[in-house]
Amino acid sequence: MSRILIVSDNHGDHEILETIVARESSRVDRMLHLGDSELKNDDPIWKNFDVVTGNVDFYPYPEALTIDVPEGKLFMTHGHLYNVRSNRQTLAQAAKAAGASIALFGHIHVTTQENIDGVWCINPGSISQPRGHFQTPTYGIIDWNAGQRPQVTFYSREGEEIIDSEVPENTTPDVYED
């Protein structure tokens with residue numbers, strides 16, 4: 001089983017990333033940042049994360065990454081280049097093209113887990129500026145066993161579990177504006 005931490009959209013809040021690293025790094029196998037950090041790309045915090053660019057990042061990062069773990073592949077991107085505000089179909093297609101069964105994205109600031117054409121599209125929400133149905137800043141931890149549905153647990157900034165892994169399939173975010 002792999003345990004993968006996902007966080008997005010901290011929008012310059014460096015302290016929360018330091019807190020998450022201190023709290024969670026020993027509990028997870030990998031930590032992924034899904035963009036809109038607004039931090040320099042040579043910031044020492046990035047030694048702990050794989051990171052992609054967001055629409056308000058001012059320093060160059062990859063637009064997308066494919067991450068190999070023993071259970072399979074993860075496709076990670078911020079989402080703004082895949083029109084994730086209207087639907088996640090293009091994102092799911094990109095993940096499939098990369099050979100991934102999980103697509104991780106940020107941008108909409110809403111916790112989301114939905115299956116689109118066999119690809120789990122997962123958004124941890126925003127750790128600093130939440131929108132939508134949960135007005136709590138969030139990050140997520142994915143527990144993934146080979147051949148099974150990924151189980152996602154969402155946590156508050158304080159590290160408290162706020163939503164169990166049974167977020168309904170095909171959750172549609174209720175906020176799409178920038």
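This report describes the fold, the surface and some residue contacts of one chain.

The structure is a predicted model, in which local features need pLDDT of at least 70 and side-chain atom pairs count only at pLDDT 80 or more, while totals for chains, interfaces and linings use all residues. Residues are numbered from 1 along each chain as its sequence is written, and side-chain values use heavy atoms, with hydrogens and water left out.

## Overall fold

The chain contains 2 helices and 11 strands, where helices (H or I, at least four residues) and strands (E, at least two) are DSSP runs numbered from the N terminus. Followed along the sequence, these elements give the pattern β-α-β-β-β-β-α-β-β-β-β-β-β. For 178 residues, a compact globule would have a radius of gyration near 16 Å, and the 14 Å of the chain agrees with this; the radius is taken over C-alpha atoms, and the globule rule is 2.2 Å times the number of residues to the power 0.38. Along the principal axes, the C-alpha atoms fill a box of roughly 35 × 35 × 30 Å.

Of the 178 residues, 54% count as buried, a word that means under 20% relative accessible area, whereas exposed means over 50% and partly exposed lies in between (1.4 Å probe, protein chains only). Among contacts (heavy atoms within 4.5 Å) between residues at least 6 apart in sequence, 54% join residues at least 24 apart.

## Surface and charge

The accessible surface of the chain is about 7,500 Å², and carbon and sulfur atoms account for 45% of this area; such areas come from the Shrake-Rupley method with a 1.4 Å probe, and for residues only the protein chains shown count as cover. There are 13 positive and 27 negative side chains, and the centres of the two sets lie 3 Å apart. In this count Lys and Arg are positive and Asp and Glu negative, while His and the chain ends are not counted, and each charge is placed at NZ of Lys, CZ of Arg, CG of Asp or CD of Glu.

## Aromatic pairs

A search of the whole structure finds 4 aromatic pairs. Rings of Phe, Tyr and Trp (its six-membered ring) pair if their centres lie within 6.5 Å, and planes under 30 degrees apart count as stacked, over 60 as edge-to-face and the rest as tilted. Two of the pairs are set out here.

| Pair | Centre to centre | Angle between planes | Type |
|---|---|---|---|
| Phe75 and Tyr82 | 5.9 Å | 90° | edge-to-face |
| Tyr139 and Tyr155 | 5.6 Å | 25° | stacked |

Phe75 is buried, with a relative accessible area of 5%, and Tyr82 is buried at 18%. Tyr139 belongs to strand 9 (residues 138-144) and Tyr155 to strand 10 (residues 151-156), so their pair ties together parts that are 16 residues apart in sequence. Tyr139 is buried at 0% relative accessibility, and Tyr155 is buried at 8%. Elsewhere, Trp46, Phe49 and Tyr61 form one aromatic cluster.

## Two residues in their surroundings

Glu24 is part of helix 1 (residues 14-24) and is buried, with a relative accessible area of 0%. Leaving aside residues up to four places away in sequence, Glu24 touches Leu5, Tyr139 and Ile141.

Val56 sits in the loop between strand 3 (50-51) and strand 4 (64-69), and is partly exposed, with a relative accessible area of 26%. With residues up to four places away in sequence again not counted, Val56 touches His11, Asp36 and Glu38. Val56 and Asp9 are 47 residues apart in sequence, while their C-alpha atoms are 9.4 Å apart in space.
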